[in-house]
Amino acid sequence: MGDARLERVAEPVTIFNTPELHTLVQDLFDTMRAAHGVGLAAPQIGVNLRVMVFGFEQNPRYPDEAAVPETVLINPELIFCGAEQEIASEGCLSVPEMRGDVPRYVHLIYRGKDACGAPIEQEARGFHARIVQHEYDHLEGILYPFHIFDTAALLRLRQRFAEQGGQSD
Ligand code: NI
């Protein structure tokens, strides 16, 4: 967090099944596993492309969660099923030594492509859906703490600062 490369909107992949793309996917899986992550997006390793990987059998950082199939998802699109959200604790390999309670949609369908360009469509609920939303955010330049900050409180603080004659910009 604080690195500008994490706050960019990532570019779509236009050419599939290239050695470079397969290498990127392998790097993402290797990095995710080495850090005991449950998901990782390309911007987190400095690559500004709409590529994410996720999935695990059992994970020490989230010991109570059921397995999620290992997945490569490129140029993803999320379709939310209903308005229901739930709040749960999340961490992020780009925000070390922190956890935060983040609201996410409970049920969604994701679509995209794999590294060969084959279409993917999958329904997901609960933690599976949460991971997909978290990684999707990385492609939009959003880190989970951005969901937590009370923007109304920030605006009130800013207002008070301005009333006291401060320069807030
Ligand atoms: Ni993350």
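Why are His134 and His138 separated by about one helical turn? The two residues are four residues apart in helix H2, and the separation therefore amounts to about one turn of that helix. The structure is a predicted model, in which local features need pLDDT of at least 70 and side-chain atom pairs count only at pLDDT 80 or more, while totals for chains, interfaces and linings use all residues. Residues are numbered from 1 along each chain as its sequence is written, and side-chain values use heavy atoms, with hydrogens and water left out.

The secondary structure of the protein chain consists of four helices and seven strands; helices (H or I, at least four residues) and strands (E, at least two) are DSSP runs, numbered from the N terminus. Along the sequence these elements follow the pattern α-β-β-β-β-β-β-β-α-α-α. The chain has 169 residues, of which 40% count as buried; buried denotes under 20% relative accessible area, exposed over 50%, and partly exposed the range in between (1.4 Å probe, protein chains only). Contacts are defined by heavy atoms within 4.5 Å. Among contacts in the protein chain with a separation of 6 or more, 62% are accounted for by residues 24 or more positions apart. The accessible surface of the chain is about 9400 Å², and 52% of this area belongs to carbon and sulfur atoms. Accessible areas come from the Shrake-Rupley method with a 1.4 Å probe, and for residues only the protein chains shown count as cover.

The nickel ion has as its protein donors Cys92 (SG), His134 (NE2) and His138 (NE2), which lie 2.1 to 2.2 Å from the ion. Donors are N, O and S atoms within 2.8 Å of the metal (3.2 Å for Na, K and Ca); water is not among the atoms, so sites may look incomplete. The spacing of the donor residues in sequence is C-x41-H-x3-H. Both His134 and His138 are buried.

The largest nonpolar core comprises 18 residues, and those with the most contacts inside it are Val38, Met52, Phe54, Phe56, Tyr110, Phe127 and Ile131. Such a core is a set of buried Ala, Val, Leu, Ile, Met, Phe, Trp, Tyr and Cys residues joined through side-chain atoms within 4.5 Å. Two or more residues each are given to this core by strand S2 (51-56), strand S3 (68-80), strand S6 (107-113) and helix H2 (126-139). Helix H2 gives the most, with five residues. Apart from this core lies another, of 15 residues, among them Phe16, Phe29, Leu40 and Val53.

Beyond its neighbours within four places in sequence, Phe56 is in contact with residues including Val38, Glu65, Val68, Phe127 and Ile131. Tyr110 is placed in strand S6 and counts as buried, at 2% relative accessibility. With residues up to four places away in sequence not counted, Tyr110 touches Phe54, Leu73, Ile120, His128 and Val132, among others. The C-alpha atoms of Tyr110 and Ile79 are separated by 6.2 Å, although the two residues are 31 residues apart along the chain.

Side chains of opposite charge can pair when their charged atoms come close. The structure holds eight salt bridges, each defined by a side-chain nitrogen of Lys or Arg within 4 Å of a carboxyl oxygen of Asp or Glu. In the salt bridge of Glu90 with Arg104, the closest N and O atoms are 2.8 Å apart. This pair links distant parts of the chain, with Glu90 in strand S4 (residues 85-92) and Arg104 in strand S5 (residues 95-105), 14 residues apart. Glu90 and Arg104 are both buried. A further salt bridge joins Asp3 and Arg5, with the closest N and O atoms 2.9 Å apart. Asp3 is partly exposed, at a relative accessible area of 29%, and Arg5 is likewise partly exposed, at 42%. Arg125 and Glu123 also meet through their side chains in a salt bridge (3.5 Å, N to O). Arg125 is exposed, with a relative accessible area of 54%, whereas Glu123 is partly exposed, at 41%. Salt bridges that share partners join Glu90, Arg104, Arg130 and Asp137 into one network.
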